[in-house]
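Here is a short report on one structure. Please read it with the sequence and the 3D view at hand.

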Amino acid sequence: MLNWLGMPPAASAHAGEIDQMMVLVHWLMLVLFVGWGAFFLYVLVKFRRGANPKASYLGAKGKLSKGLEVAVAVIEVVLLVFYAIPAWARRVSNLPAESEAVVVRVVGQQFAWEVHYPGPDGKFGRTDLKLVSADNPLGLDRSDPDAKDDFNSENQLHVQVNRPVLVHLSSKDVIHSFGLYEMRVKQDAVPGLQIPVWFIPTVTTAEMRQKLANPMFDYEISCSQLCGLGHFRMRGFVVVDSAEDYQKFIADQEKDLAK
Ligand SMILES: [Cu+2]
(Lines give C-alpha, C1' and ligand atoms only; values in the text may rest on other atoms or scores of the structure.)
Protein backbone atom coordinates (compact mmCIF):
# COMPACT_ATOMS: atom_id res chain seq x y z
CA MET A 1 0.00 0.00 0.00
CA LEU A 2 2.87 2.38 0.80
CA ASN A 3 4.20 2.05 -2.72
CA TRP A 4 0.83 3.00 -4.16
CA LEU A 5 0.88 6.14 -2.05
CA GLY A 6 4.22 7.18 -3.54
CA MET A 7 5.70 7.90 -0.12
CA PRO A 8 9.38 8.86 0.10
CA PRO A 9 11.61 6.12 1.54
CA ALA A 10 11.45 5.93 5.33
CA ALA A 11 14.62 6.63 7.30
CA SER A 12 13.69 7.28 10.92
CA ALA A 13 12.66 5.17 13.89
CA HIS A 14 9.13 6.56 14.06
CA ALA A 15 8.51 6.60 10.29
CA GLY A 16 6.75 3.22 10.34
CA GLU A 17 4.17 4.47 12.81
CA ILE A 18 3.37 7.55 10.70
CA ASP A 19 3.18 5.43 7.56
CA GLN A 20 0.82 2.95 9.18
CA MET A 21 -1.50 5.84 10.01
CA MET A 22 -1.26 7.16 6.45
CA VAL A 23 -2.23 3.72 5.15
CA LEU A 24 -5.20 3.41 7.51
CA VAL A 25 -6.48 6.89 6.63
CA HIS A 26 -6.11 6.19 2.91
CA TRP A 27 -8.01 2.91 3.21
CA LEU A 28 -10.83 4.69 5.02
CA MET A 29 -10.86 7.41 2.36
CA LEU A 30 -10.90 4.80 -0.42
CA VAL A 31 -13.89 3.05 1.14
CA LEU A 32 -15.69 6.38 1.62
CA PHE A 33 -14.88 7.47 -1.93
CA VAL A 34 -16.21 4.27 -3.47
CA GLY A 35 -19.20 4.20 -1.10
CA TRP A 36 -20.22 7.79 -1.64
CA GLY A 37 -19.56 7.55 -5.39
CA ALA A 38 -21.79 4.47 -5.68
CA PHE A 39 -24.48 6.12 -3.56
CA PHE A 40 -24.37 9.22 -5.74
CA LEU A 41 -24.88 7.13 -8.90
CA TYR A 42 -27.69 5.22 -7.19
CA VAL A 43 -29.63 8.36 -6.25
CA LEU A 44 -29.08 9.86 -9.70
CA VAL A 45 -30.94 6.90 -11.18
CA LYS A 46 -33.44 6.24 -8.41
CA PHE A 47 -34.60 9.84 -8.00
CA ARG A 48 -34.46 10.81 -11.65
CA ARG A 49 -37.08 13.28 -12.73
CA GLY A 50 -38.85 10.81 -15.03
CA ALA A 51 -39.62 8.42 -12.16
CA ASN A 52 -40.36 11.15 -9.58
CA PRO A 53 -42.32 13.98 -11.15
CA LYS A 54 -43.05 15.36 -7.69
CA ALA A 55 -40.22 16.00 -5.24
CA SER A 56 -40.34 14.35 -1.82
CA TYR A 57 -39.24 16.54 1.08
CA LEU A 58 -39.10 13.78 3.66
CA GLY A 59 -35.52 12.62 3.04
CA ALA A 60 -34.08 9.17 3.86
CA LYS A 61 -35.98 7.10 6.39
CA GLY A 62 -34.01 3.81 6.49
CA LYS A 63 -31.79 2.81 9.42
CA LEU A 64 -28.90 1.95 7.11
CA SER A 65 -27.84 5.52 6.38
CA LYS A 66 -27.72 6.46 10.04
CA GLY A 67 -25.83 3.25 10.89
CA LEU A 68 -23.23 3.96 8.22
CA GLU A 69 -22.74 7.53 9.39
CA VAL A 70 -22.22 6.33 12.94
CA ALA A 71 -19.78 3.62 11.77
CA VAL A 72 -17.67 6.15 9.86
CA ALA A 73 -17.62 8.49 12.85
CA VAL A 74 -16.56 5.61 15.13
CA ILE A 75 -13.70 4.63 12.78
CA GLU A 76 -12.53 8.24 12.69
CA VAL A 77 -12.60 8.48 16.48
CA VAL A 78 -10.59 5.23 16.72
CA LEU A 79 -7.97 6.58 14.29
CA LEU A 80 -7.74 9.80 16.25
CA VAL A 81 -7.73 8.39 19.78
CA PHE A 82 -5.70 5.21 19.29
CA TYR A 83 -3.29 6.24 16.53
CA ALA A 84 -2.98 9.97 15.91
CA ILE A 85 -3.06 11.36 19.44
CA PRO A 86 -0.63 8.79 20.97
CA ALA A 87 1.76 9.18 18.01
CA TRP A 88 1.68 12.96 18.39
CA ALA A 89 2.11 12.72 22.15
CA ARG A 90 5.32 10.71 21.63
CA ARG A 91 6.62 13.36 19.24
CA VAL A 92 6.04 16.29 21.57
CA SER A 93 7.00 14.64 24.85
CA ASN A 94 9.53 11.78 25.30
CA LEU A 95 12.30 14.13 24.16
CA PRO A 96 15.69 12.37 24.16
CA ALA A 97 18.16 13.23 26.91
CA GLU A 98 20.50 16.00 25.77
CA SER A 99 23.48 13.95 26.97
CA GLU A 100 22.71 11.15 24.49
CA ALA A 101 21.43 13.13 21.56
CA VAL A 102 22.96 15.19 18.79
CA VAL A 103 21.64 18.58 19.89
CA VAL A 104 21.57 21.48 17.44
CA ARG A 105 19.77 24.73 16.93
CA VAL A 106 18.25 25.24 13.51
CA VAL A 107 17.23 28.76 12.58
CA GLY A 108 15.15 29.41 9.48
CA GLN A 109 15.65 32.65 7.60
CA GLN A 110 14.74 33.97 4.19
CA PHE A 111 15.93 31.76 2.47
CA ALA A 112 18.23 29.32 4.22
CA TRP A 113 18.61 27.06 7.22
CA GLU A 114 21.33 28.04 9.69
CA VAL A 115 22.55 25.21 11.88
CA HIS A 116 24.24 25.99 15.20
CA TYR A 117 26.30 23.24 16.88
CA PRO A 118 27.19 23.70 20.54
CA GLY A 119 30.65 22.14 20.11
CA PRO A 120 32.31 19.67 22.51
CA ASP A 121 31.16 21.51 25.66
CA GLY A 122 27.54 20.83 24.67
CA LYS A 123 26.59 24.42 25.52
CA PHE A 124 25.22 26.87 23.01
CA GLY A 125 27.03 30.19 23.17
CA ARG A 126 25.13 33.43 23.56
CA THR A 127 23.63 34.89 20.42
CA ASP A 128 22.60 38.48 19.89
CA LEU A 129 20.59 39.95 17.05
CA LYS A 130 22.89 43.00 17.06
CA LEU A 131 25.84 40.80 16.08
CA VAL A 132 24.10 39.30 13.06
CA SER A 133 26.05 39.93 9.87
CA ALA A 134 26.79 38.16 6.60
CA ASP A 135 29.74 36.37 8.27
CA ASN A 136 27.84 35.67 11.47
CA PRO A 137 24.31 34.72 10.45
CA LEU A 138 23.42 33.50 13.94
CA GLY A 139 24.79 36.56 15.75
CA LEU A 140 27.06 34.34 17.84
CA ASP A 141 28.94 36.22 20.55
CA ARG A 142 32.48 34.81 20.41
CA SER A 143 33.41 36.59 23.65
CA ASP A 144 31.10 34.24 25.54
CA PRO A 145 33.14 31.25 26.86
CA ASP A 146 30.35 28.84 25.84
CA ALA A 147 30.57 30.14 22.28
CA LYS A 148 34.30 29.49 21.82
CA ASP A 149 33.84 25.95 20.47
CA ASP A 150 30.51 26.56 18.70
CA PHE A 151 30.33 26.28 14.95
CA ASN A 152 27.61 26.70 12.39
CA SER A 153 26.82 25.65 8.88
CA GLU A 154 24.32 26.76 6.32
CA ASN A 155 21.87 24.30 4.77
CA GLN A 156 23.89 21.34 6.03
CA LEU A 157 22.77 19.36 9.04
CA HIS A 158 25.11 16.52 9.99
CA VAL A 159 23.63 13.88 12.29
CA GLN A 160 24.66 10.44 13.42
CA VAL A 161 22.80 7.28 12.46
CA ASN A 162 20.83 5.50 15.22
CA ARG A 163 21.44 8.38 17.62
CA PRO A 164 18.56 10.67 18.59
CA VAL A 165 18.65 14.14 17.09
CA LEU A 166 17.18 17.00 19.08
CA VAL A 167 16.64 20.15 17.06
CA HIS A 168 15.74 23.42 18.77
CA LEU A 169 13.92 25.07 15.92
CA SER A 170 13.34 28.78 15.50
CA SER A 171 13.13 31.48 12.86
CA LYS A 172 14.74 34.85 12.39
CA ASP A 173 12.09 36.49 10.26
CA VAL A 174 8.86 34.84 9.11
CA ILE A 175 7.22 31.46 9.64
CA HIS A 176 9.11 28.66 7.87
CA SER A 177 8.55 24.94 8.13
CA PHE A 178 11.23 22.34 8.75
CA GLY A 179 10.27 19.41 6.53
CA LEU A 180 12.34 16.22 6.44
CA TYR A 181 10.27 13.85 4.35
CA GLU A 182 12.31 10.68 4.73
CA MET A 183 12.35 11.23 8.51
CA ARG A 184 8.59 11.93 8.55
CA VAL A 185 9.29 15.19 10.37
CA LYS A 186 7.55 18.48 9.79
CA GLN A 187 7.41 21.39 12.17
CA ASP A 188 6.80 25.08 11.69
CA ALA A 189 9.65 27.40 12.64
CA VAL A 190 8.10 30.40 14.33
CA PRO A 191 9.87 33.67 15.18
CA GLY A 192 10.10 34.15 18.93
CA LEU A 193 9.68 30.46 19.75
CA GLN A 194 12.19 27.65 20.20
CA ILE A 195 10.39 24.44 19.35
CA PRO A 196 12.00 21.08 20.09
CA VAL A 197 11.83 18.51 17.29
CA TRP A 198 13.37 15.06 17.55
CA PHE A 199 13.86 11.93 15.51
CA ILE A 200 16.22 8.98 15.26
CA PRO A 201 17.73 8.57 11.79
CA THR A 202 18.12 4.88 10.95
CA VAL A 203 19.69 4.87 7.48
CA THR A 204 22.90 6.71 6.60
CA THR A 205 22.99 8.82 3.46
CA ALA A 206 25.46 6.36 1.92
CA GLU A 207 23.21 3.37 2.69
CA MET A 208 20.17 5.13 1.26
CA ARG A 209 22.08 5.98 -1.93
CA GLN A 210 22.90 2.32 -2.29
CA LYS A 211 19.36 1.19 -1.46
CA LEU A 212 17.84 3.50 -4.06
CA ALA A 213 20.69 2.89 -6.54
CA ASN A 214 20.94 6.67 -6.79
CA PRO A 215 24.39 8.09 -6.02
CA MET A 216 22.96 11.64 -6.15
CA PHE A 217 20.38 11.08 -3.42
CA ASP A 218 20.36 13.44 -0.41
CA TYR A 219 17.99 13.86 2.49
CA GLU A 220 16.47 17.25 1.94
CA ILE A 221 15.29 19.92 4.37
CA SER A 222 12.47 21.54 2.44
CA CYS A 223 10.86 24.67 3.71
CA SER A 224 7.19 23.71 3.77
CA GLN A 225 5.62 27.11 4.34
CA LEU A 226 5.44 29.68 1.59
CA CYS A 227 7.82 32.20 3.18
CA GLY A 228 8.57 34.72 0.45
CA LEU A 229 9.84 35.09 -3.09
CA GLY A 230 12.86 32.83 -2.58
CA HIS A 231 10.87 30.06 -0.88
CA PHE A 232 11.54 27.69 -3.77
CA ARG A 233 15.27 27.74 -3.15
CA MET A 234 15.08 27.36 0.63
CA ARG A 235 16.40 23.84 0.81
CA GLY A 236 19.02 22.32 2.97
CA PHE A 237 20.38 18.82 3.37
CA VAL A 238 20.64 16.36 6.19
CA VAL A 239 23.74 14.22 6.08
CA VAL A 240 23.22 11.05 8.10
CA ASP A 241 26.72 9.92 9.00
CA SER A 242 28.03 6.70 10.48
CA ALA A 243 29.43 7.15 14.00
CA GLU A 244 33.02 7.45 12.69
CA ASP A 245 32.08 9.92 9.95
CA TYR A 246 30.18 12.03 12.44
CA GLN A 247 33.15 12.18 14.82
CA LYS A 248 35.34 13.11 11.88
CA PHE A 249 32.95 15.88 10.87
CA ILE A 250 33.00 17.32 14.38
CA ALA A 251 36.80 17.04 14.59
CA ASP A 252 37.19 18.79 11.20
CA GLN A 253 34.95 21.63 12.33
CA GLU A 254 36.96 22.06 15.51
CA LYS A 255 40.18 22.09 13.50
CA ASP A 256 38.78 24.82 11.25
CA LEU A 257 37.81 26.84 14.32
CA ALA A 258 41.31 26.58 15.78
CA LYS A 259 42.87 28.04 12.62
CU1 LIG B 1 11.04 29.24 4.36
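The sections below cover the basis of the model, the metal site, the salt bridges and one arginine.

## Basis

This is a predicted model, in which local features need pLDDT of at least 70, side-chain atom pairs count only at pLDDT 80 or more, and totals for chains, interfaces and linings use all residues. Residues are numbered from 1 along each chain as its sequence is written, and side-chain values use heavy atoms, with hydrogens and water left out.

## Copper site

Four side chains hold the copper ion: H176 through ND1, C223 through SG, C227 through SG and M234 through SD. The distances run from 2.0 to 2.4 Å. Donors here are N, O and S atoms within 2.8 Å of the metal (3.2 Å for Na, K and Ca); water is not among the atoms, so sites may look incomplete.

Why is the arrangement tetrahedral? The 4 donor atoms subtend angles of 93 to 123 degrees around the copper ion. Four donors count as tetrahedral if all angles lie between 85 and 135 degrees.

Along the sequence, the donor residues follow the spacing H-x46-C-x3-C-x6-M. C223 belongs to strand β9 (residues 219–223), while M234 sits in the loop between β9 and β10 (235–241), 11 residues apart. Helices (H or I, at least four residues) and strands (E, at least two) are DSSP runs, numbered from the N terminus. Both C223 and M234 are buried. Buried means under 20% relative accessible area, exposed over 50%, and partly exposed in between (1.4 Å probe, protein chains only).

## Salt bridges

Side chains of opposite charge can pair when their charged atoms come close. A salt bridge is counted when a side-chain nitrogen of Lys or Arg lies within 4 Å of a carboxyl oxygen of Asp or Glu. The count comes to 8 salt bridges.

One of them pairs R90 with E17, with the closest N and O atoms 2.2 Å apart. This pair links distant parts of the chain: R90 is in helix α3 (residues 63–92) and E17 in helix α2 (residues 15–46), 73 residues apart. R90 counts as partly exposed because its relative accessibility is 36%. E17, at 23%, also counts as partly exposed.

Another joins D141 and R126, at 2.8 Å from N to O. Both residues lie in the loop between β2 (112–117) and β3 (151–154), so the pair ties together parts 15 residues apart in sequence. D141 is buried, with a relative accessible area of 11%. R126 is partly exposed at 40%. Salt bridges with shared partners join R126, D128 and D141 into one network.

## Around R184

Which residue forms a salt bridge with R184? The partner is D19, with the closest N and O atoms 2.6 Å apart. D19 lies in helix α2 and R184 in the loop between β6 (176–180) and β7 (185–189), so the pair ties together parts that are 165 residues apart in sequence. D19 is buried, with a relative accessible area of 4%. R184 is buried too, at 13%.

The backbone oxygen of P9 lies 3.4 Å from a polar atom of the R184 side chain.

Leaving aside neighbours within four places in sequence, R184 is in contact (heavy atoms within 4.5 Å) with M7, P8, P9, A10, H14, A15, I18 and D19.

Methods
Tetrahedral: all angles 85-135°; square planar, octahedral: opposite > 155°, others 65-115°. Polar contact = N/O pair within 3.5 Å; in protein donor to acceptor, adjacent residues only side chain to side chain.
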